[in-house]
Structures are given as C-alpha cells and as structure tokens.
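Hi everyone, thanks for coming. I'd like to walk you through a structure that may be new to you, so please have a look at the screen before I start.

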Amino acid sequence: MPVRLIVLAACAALAFSAPAAWSKTLVFCSEGNPETLSPHMATTTTGMNATRPIFNNLVEFTPGTSELVPALAERWTVSPDGQEYIFHLRRGVRFHTSKTFQPTREMNADDVVFSLTRQWKSREPATVSGFVYFGDMGMPDLLQSIDKVDDHTVRIRLARPEAPFLADMAMPFAAIYSAEYAAALEKAGTPDLLDTQPIGTGPFMFAGFTRDVAVRFRAFPGYWRGSQPLDNLVFSITPNATVRLTKLKAGECHVMAFPSPDDVAGITADPSLVLLRQEGLNIGYMAFNTLKPPFDDARVRRAINMAVDKKAIIESVYGGVGAVAKNPIPPTLWSYDDSVQDYPYDPDGARRLLAEAGFPAGFETDLWYMPVSRPYIPDGRRVAEMLEADLARVGVRLRLATDEWSAYRTKLQAGEHTMALFGWTGDNGDPDNFLQVLLSCLSARPGGSNVARWCDPSYDALVTRAKLTAIQAERSALYGQAQKVFKDQAPWVPLAHSVVLMAARKEVAGFLIDPLGRHIFEGVDLR
C-alpha cells in the first residue's frame, strides 16, 4: 500500500478526521498516556514529550546533545556573582491561535514573567498545584525576583549562586506560556483550559487528546523558526511494545518508542525499518520507602541489595543493551564515582544481615512494577518476577502490584508503596538533575520525585553545596562524596543503565534519538 494511503488509514483508525489528501502526517507510536498536557506539571518523559511540540523555552538544548543554545531568548548575561541573569528576548515570536483565542501581540517579557511566577507564587503547595518538578528543583527558595525590565528584557535574581540554573531553564517546567491567553481564560471563567488546551510558540499546535488513543498536533504556520515539513503529527498511544512494532511494520506508525530488546534482530533485518540506539543518560532502580518498616533500617536495605542478581536481570531483560548500575547516576555523566564498591550478590550474606536486623525468617512486603516499557526498564513485570525469585531465596516474600502508568506514578509519589520499580532519564546533562531531584530532602516530600522518601542530612548538605560553585572539579568532588553516602545508606537497589532503542520506517528523515529522552519532531520529514 502506498505510504500516503497507509497514513490516512492510520489516522482514521485513531478516530479523528483525516487530513486532506495532500497533507503529510507522521504518526509516532508512544508508550503511554501523558499524565498531563502541561509542561509545568509534567514529571515523566511521557508527559514532557507530549507537550514538547507545543512549547519553547528561553534557552534549549541542541537536539542530540546537552549543549545550550538560544531560543526565545536570543542572548543572555550572567552577573559575576552568579546570582543575576538577564535574558534578551527574541522579537517576532507569535503564539498559536485556536477557536477561542486569537493573540493580539507577539511574545514578550510579560509571558516570561507569568510562566515562571505562576509556579513560584502559587498559593498552593506543589502537591496541590501540580508544580511538582518546579518544587523538586528547589526553585521556590532559589528565586529572589523575576522582573520585566522592558518588553523584550527579563531579569531573574537568585537568592544564591546556582551552577545548573541556565540548564534548568531549558527544561519543560520553564516553558513559556501566553499570559494573554491565561488572562482571557480567567475572564471567561475557564482557567483550567490553560493546561488542558495548551497554546505555545512551538512548531506544532495542539489539536486534541483522546485518552488511550492519541494526542494530535497540527503544524503552526507562524512558527518563528520557519514552516515544518510535516502538516500533522500524531502520538498514537500504544503501551505494548509488541503492538507498537506491529503497527510500525504495517505502516500504521512511522516511529516507535522503545522496542523490546528481543526484537532488535528482527528490526535490523527488516529492509523497511531503521533501528536507532543511543547510550542512555538514565538509571533504572528499585526504591525502598524508607519511612515504612522494615525499610527504615539500613541493614534491611543493604541485605536486599545483596540478594539481587543484577547481572541475571541484565542478561534476561535488557538483551545485551544494558549495564549493571551501582550509583544513582550513569557512568556517562561527569562526576560519576567509579571507586564506589557495589554490594556483592551474596544471598547467604543477605540472610545473615536480615537476621541481625531482626528478620531471621524474612518478611512479606509488596513490590510495585510499572505497566509500560520505559527506556531504563523495558519490561517491568519480568524484572519484578526475577526480583521476586531472588528475594524468595532469602525469605522475603513479595506481593506484586501495578496500576495504569499515570496512576502508578501518582501513587508512588504519594508514598503508597513499600518497594517499587522506577527510573529516570536526565533532563539537562547535570548531575544535580539526578542527585538533587531524586534523592534530596526537598524532593522527599509527598508528591516529590524522591519516591524512596529518603532524607539524609549529610547527603543533602553535599548536593546543596555542589550547586553553589561553578567550578566543575569542586562539584565533582562533592558529588563523589554524596554517591558514597548513597551507597552506604542504600535507599535504592540501582539496577541498570540502558541503551535507549527506538525504531523508524525508512521514509522518515531527520529524526534523532536524544540522550536527554526528548522526542523531537521539529524539522522531521517523510520522504
């Protein structure tokens, strides 16, 4: 079947009106429902990627790298003390239009001030307002002032130096909204539409979301970087990796996320497909809820670490595209401390340590596993079943549990689990994005990304001090000490760092797999 007919058939199957015969539609088979359509509220790569086509930031990362480049800010300056940032905004940038909103002006400083201030000055805590990532990054205490100097200049003053601040401004939570759109919705009594019918300055406009079916986008003809080769972009929500691959082979989608490692050979042998791979800036782990007995005892946590055969998990689940993890950051990230010694696989030692902690006969507990394939854990159920077998050998009896992906994440961040599989893909190439966001006392609050609920004052002091200097050698030394504290206290069982896999049809041009976990369709074409 010709490619255009395949595309039209796929669009019809996704239950939205097919584009005109001459339009060019790319369908991306994504791994799950986005938990939100707001980049200010997203905490997973699934949610962030579903909003990425719609929005721009002041600064952005070059696709395929963690190199910062100008975006909505065409240049910026930083004060000698590292506490004042002045952003000079790009002129001629337009916001999207919709049936209910027609912008009357170009993007300006009011939009930047609004986008950051709505999170900073929210009257509700992050767990209620939904601005969880903003809170996990410590922004409420870091920001001192955000001022409009003139229509095209914004000054941000920090309460202290923050080495990763500029990279943080390239992350989804710092996306720029339209203040004019927000005001119009407020006046109409429909403020919630700001985050459910989003409008930005990005290459694609939001066109609709049907849960469990698709997120739809249309190319924005007024995009400041120029028109897009594609007319339409569809995220076809397909949680099962086997189904995603079937759709890809049939031409029902053009790019698919995270094929099973078992399917690599078949994809490589198929002349109509291309396998993409990238060493991932990621970590897959099993977290203990350290506020719940018996995991409030570090001896129990160390014993579980000793009971897990990580190499067997890598061989069975990752299909040769993963590496055993021992630290909370990947070895490709600067400041990784290779001198840290991992817990050995030692079931006998694990039983002795459990007995010392008061559990000679072991105990029962639950283990939650994610229901969707993720780059850092491609098959959560298989990993959970292998962990169940490993821990049974030392007397720890598991009850396996899961939930729909958005609910799963919400329940973990609410602290409902005792043990759970989770993971992370770095957003900005800075160790702080792992060590602070995932393990600090700040992010251990209900709703935060520290699902271990672990708060160690010595660890926290080290990662906080590391952000105060811009000298990388000093930061690396502090982060190295923090990794040693992490290993000693064992709030996780670090499992694996994966090679990220994606697959595309041969007719797709310009799509790159990204080390920061971003799915970027700007400039992508169908030949």
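This is a predicted model: local features need pLDDT of at least 70, side-chain atom pairs count only at pLDDT 80 or more; totals for chains, interfaces and linings use all residues.

**A strand on the inside**

Let's begin with strand 17, residues 419-425: 7 of its 7 residues are buried, so the strand is largely enclosed by the rest of the structure.

Now for the neighbours. Strand 15, residues 363-368, runs parallel to strand 17, joined to it by 2 bridges. Keep an eye on A420 here: A287 stands opposite A420, and W368 stands opposite A420 as well.

Okay, on to some helices. Two packed helices are described by the angle between their axes and the distance between the axes. Here, helix 13, residues 310-317, packs with helix 15, residues 380-392, at an angle of about 150 degrees, and the axes are 10 Å apart. The crossing is right-handed. Who makes the contact? From helix 13 it's A312, I313, S316 and V317, and from helix 15 it's R382, V383, M386 and L387. Sort those contact residues by type and you get 6 nonpolar, 1 polar and 1 charged.

Let me pick out one of them, V383, which sits in helix 15. Is V383 buried or exposed? V383 counts as buried, because its relative accessibility is 0% and the cut-off for buried is under 20%. Leaving aside neighbours within four places in sequence, V383 is in contact with I313, V317, I377, L421 and L495. As for I313, V383 is 70 residues away from it in sequence, yet their C-alpha atoms are 6.6 Å apart in space.

Next, a hairpin. Strand 8, residues 204-210, and strand 9, residues 214-219, pair in the antiparallel sense over 6 bridges. Together they form a hairpin with 3 residues between the strands, and D212 in the turn has a positive phi of about 70 degrees. Strand 9 has another partner too: strand 10, residues 232-237, pairs with it in the antiparallel sense over 5 bridges. Look at F217 in strand 9: F217 is the bridge partner of F206, and F217 also stands opposite L233 in strand 10.

Last stop, the cysteines. A disulfide is a covalent bond between the sulfur atoms of two cysteines. How many turn up in a search of the whole structure? The search finds 1 disulfide. The pair is C441 and C455, with sulfur atoms 2.0 Å apart. The link is right-handed, with 95 degrees about the S-S bond. Both cysteines lie in the loop between helix 17 (432-435) and helix 18 (457-466), 14 residues apart.

Two other cysteines, C29 and C253, are buried: the relative accessible area is 0% for C29 and 0% for C253.

That's my tour, and I'm happy to go back to any part of it.

Note on methods. Residues are numbered from 1 along each chain as its sequence is written. Side-chain values use heavy atoms; hydrogens and water are left out. Two strands pair if DSSP finds at least two bridges between them. Helices (H or I, at least four residues) and strands (E, at least two) are DSSP runs, numbered from the N terminus. Axes are lines fitted to C-alpha atoms, for helices over the stretch in contact, and angles run from 0 to 180 degrees between N-to-C directions. A crossing is left-handed if the near helix is turned anticlockwise from the far one by less than a right angle, and right-handed if clockwise. Contact means heavy atoms within 4.5 Å. Ala, Val, Leu, Ile, Met, Phe, Trp, Tyr, Cys and Pro count as nonpolar, Asp, Glu, Lys and Arg as charged, and the others, Gly among them, as polar. A disulfide is a pair of cysteine sulfur atoms within 2.5 Å. Buried means under 20% relative accessible area, exposed over 50%, partly exposed in between (1.4 Å probe, protein chains only).
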